[in-house]
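Student: I have a structure to read and some questions about it. Can we go through them one by one?

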Amino acid sequence: MTELHPLTVAERLSPVACAAAKARGKRVSVLTAYDYPGARLLEEAGVDWLLVGDSLGMVVLGYPDTTHVTLADMAHHTAAAARGLTRTPLIADLPIGTYDDDAAAIQSARVLLAAGAHAVKLEGGVSHANRVAALTGAGIAVMGHIGMLPQSVLLEGGYRIKGRTEDSASALVRDALALEAAGAFALVVELVDSAATQRISEAVRIPTIGIGSGEACDGQVLVTHDLVGAFPWFHPKFVTPAAHVGETIKGAVKNWLQQFE
Ligand code: KIV
């Protein structure tokens, strides 16, 4: 029997490969990574894809939201995470204000690819489908992001569940279909009502990767700090920390400090 040639990382992030994996029932695990040890540990643990999210702004850089993150921040942390990886696809967020037109989007994406990302993610549905098409047309793999869009948190005045009404659920399905048609290989679906999430997941062939949107997704993404309790001052309602890394660090330091008493 002929052996199948294993897909390269780039090929694994193609819409065709991702749709085939979804059709096989593959569930995709995605966690955020922002630096070398974080990325290396998550690869060693076997996470499918890693995301250098602009949640970097909150859980690493100490900003109140993602709107302060710059392209230089993202490139610096993408390069650090990439150095920790040998085989895991790495996706990096295009931060706010870096994809306001097609040329800017392509230029910004190339900065993140040069830093070691295999793909970029941007926020927006129908309104951004042409932007996604420009990127994929330039040969850049794109993950979409619909539902609650953290880069719009100041405009929206908070993080609220989307898709609770028929109109808003239908609009989200249109967003998803537009991004799929534009060539996105997967969609983050953030803080979306679970029935609407199910409609989105059924409407598109590419995988939906949920966060705070229930189980009717083809994969899940979490901010790693929320999962492991490394940012103990805040955790979203939809995550139960599976570890308490913040407490572990404080305990170790307190033990070490005893010698100074
Ligand atoms: O910035 C981020 O970490 C994200 C995920 C939460 C999806 O966009």
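Student: How many aromatic pairs does a search of the whole structure find?
Tutor: This is a predicted model. Rings pair if their centres lie within 6.5 Å. Searching the whole structure on that basis gives a count of three.

Student: The rings of W49 and F185 pair up; is the pair stacked or edge-to-face?
Tutor: Their centres are 5.5 Å apart. Planes over 60 degrees apart count as edge-to-face. The planes of W49 and F185 stand at 75°, so the pair is edge-to-face.

Student: How many residues apart in sequence are the parts that this pair ties together?
Tutor: W49 belongs to strand 2, residues 49-52. F185 sits in the loop between helix 9 (166-181) and strand 6 (186-190). The pair therefore links parts whose separation in sequence is 136 residues.

Student: Which residue has a polar side-chain atom 2.5 Å from an oxygen atom of the ligand?
Tutor: Polar contacts are N or O pairs within 3.5 Å. For D93, the distance to a ligand oxygen is 3.2 Å. For K121, it is 2.8 Å. The 2.5 Å value belongs to S55.

Student: What share of the ligand's accessible area does the protein cover?
Tutor: On its own, the ligand has 260 Å² of accessible area. The space it takes is the largest pocket. The protein covers 95%.

Methods. Residues numbered from 1 in each chain as written. Predicted model: local features only at pLDDT ≥ 70, side-chain atom pairs only at ≥ 80, totals over all residues. Heavy atoms only, no water. Polar contact = N/O pair within 3.5 Å; in protein donor to acceptor, adjacent residues only side chain to side chain. Areas by Shrake-Rupley, 256 points an atom, 1.4 Å probe, with all protein chains shown as cover. 1 Å grid on protein atoms, 1.4 Å probe; cavity = no way out; pocket = protein on both sides within 12 Å on 5 of 7 lines; lining within 4 Å. Sits in = over half its atoms within 2 Å of the grid points. Phe/Tyr/Trp six-rings, centres within 6.5 Å; stacked < 30°, edge-to-face > 60°. Helix = DSSP H or I, 4+ residues; strand = E, 2+ residues; numbered from the N terminus.
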